[in-house]
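The following paragraphs lead through selected features of one structure. Please keep the sequence and the model in view while reading.

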Amino acid sequence: MGIFGFIKEEIDVVKERDPAVKSSMEVLLYPGFRAIWRYRIAHRLYNHKMYFLARWISQRAATKTGIDIHPGAQIGKGLFIDHGIGVIIGETTIIGDNVTLYQGVTLGGTGKEHGKRHPTLKDNVMVSAGAKILGSFTIGENSKIGAGSVVLEEVPPNSTVVGVPGRVIKRDNVRVPRADMDQCNLPDPVMNEICRLTKENEEIRKVLNDMASRLSKQ
Ligand SMILES: CC(C)(COP(=O)(O)OP(=O)(O)OC[C@H]1O[C@@H](n2cnc3c(N)ncnc32)[C@H](O)[C@@H]1OP(=O)(O)O)[C@@H](O)C(=O)NCCC(=O)NCCS
């Protein structure tokens, strides 16, 4: 797609997903818009192994917008980065179509992996403000990551994840019960104590029987 096609598409994406935008011209001022079109150019240069030039463009974009997209990242159509400040997208990240990222999102690595070390976000994923997704796993399509979450493992499609570390609280918009909220299999301290006393009683009986049999032989 040519640059004008991209600009039109990106303006449509922002108008569709940001209720605050009042005109198409305003979109040109959005840091997300400015970072993404620079990324598109940098990514082409990266694919042609012009790594220095690609980096130069992406670093300038990061300085101007606060959005640091590595030129090696693979990003589909319709990415919307709202507000933008503090967004980091690592080199081996793969982003599907129609993904939304808010400010402060990191799509990063844990430092423990080599090769593919950043996440894959499938189509229509939303990552809320300040969320960190760290590692080379996949976030399934249509999933939402809550504000401030730290996600360290695979997320199935159509899930909502919140917390540190992130846990799935909804799947297909239905609440998922928490494992530690299981009220049917609660630990039973009274029963545990009875078991302990029964075992102790058996051991004392055994010792007494041994003593009795030794005394009877004398
Ligand atoms: C993740 C999110 C999309 C979930 O929305 P939802 O499906 O409507 O979830 P609910 O509001 O029904 O909340 C479900 C539970 O998760 C909890 N929860 C929701 N978001 C949470 C978060 N970010 N961190 C921790 N817990 C969260 C709620 O307190 C609720 O818990 P409870 O049932 O024990 O009371 C939303 O909470 C969120 O984080 N949105 C942020 C969007 C954003 O970044 N906006 C910035 C614009 S500038």
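A network of salt bridges links Glu193, Arg196 and Glu200; a salt bridge here is a side-chain nitrogen of Lys or Arg within 4 Å of a carboxyl oxygen of Asp or Glu. The model is a predicted one, in which local features need pLDDT of at least 70 and side-chain atom pairs count only at pLDDT 80 or more, while totals for chains, interfaces and linings use all residues. Residues are numbered from 1 along each chain as its sequence is written, and side-chain values use heavy atoms, with hydrogens and water left out.

Helices (H or I, at least four residues) and strands (E, at least two) are DSSP runs, numbered from the N terminus. Arg196 also meets the side chain of Glu200 in a salt bridge of 3.2 Å, N to O, and this pair is 4 residues apart in helix 5, about one turn of the helix. With a relative accessible area of 36%, Glu193 is partly exposed; buried means under 20% relative accessible area, exposed over 50%, and partly exposed in between (1.4 Å probe, protein chains only). Arg196, at 42%, is partly exposed, and Glu200 counts as partly exposed at 36%.

The structure holds 4 salt bridges. One of them joins the side chains of Arg117 and Glu91, at 2.9 Å from N to O. Arg117 lies in the loop between strand 7 (106-108) and strand 8 (120-121), and Glu91 in the loop between strand 4 (87-89) and strand 5 (94-95), so the pair ties together parts that are 26 residues apart in sequence. Arg117 is partly exposed at 25% relative accessibility, and Glu91 is partly exposed with a relative accessible area of 25%.

What is the setting of Arg38, a residue that has no salt bridge? Arg38 is found in helix 3 (residues 31-47) and is buried. The nearest side chain of opposite charge, Glu10, is 12 Å away; Lys and Arg count as positive and Asp and Glu as negative, while His and the chain ends are not counted. Apart from neighbours within four places in sequence, Arg38 is in contact with Ile57, Ala61 and Lys64, where contact means heavy atoms within 4.5 Å.

Attention now turns to the ligand. It is surrounded by 14 residues, the closest being Ser128, Ala129, Ala147, Lys170 and Arg175; a residue is near a molecule if one of its heavy atoms lies within 4 Å of it. A backbone N or O atom of Ala129 lies 2.8 Å from a ligand oxygen atom, and a polar backbone atom of Ala147 is 2.9 Å from a nitrogen atom of the ligand. Arg175 places a polar side-chain atom 2.7 Å from an oxygen atom of the ligand. On its own the ligand has 920 Å² of accessible area, of which the protein covers 49%; such areas come from the Shrake-Rupley method with a 1.4 Å probe, and for residues only the protein chains shown count as cover. Strand 14 (159-162) and strand 15 (167-171) are the elements that give two or more residues to the shell around the ligand.

Finally, Phe4 has its place in helix 1 (residues 3-17). Phe4 is exposed, with a relative accessible area of 69%. Its C-alpha atom is separated by 45 Å from that of Val176, which stands 172 residues apart from Phe4 along the chain.

Note on methods
A polar contact is a pair of N or O atoms within 3.5 Å; within protein, one must be able to donate a hydrogen and the other to accept it, and residues adjacent in sequence count only if both atoms are side-chain atoms.
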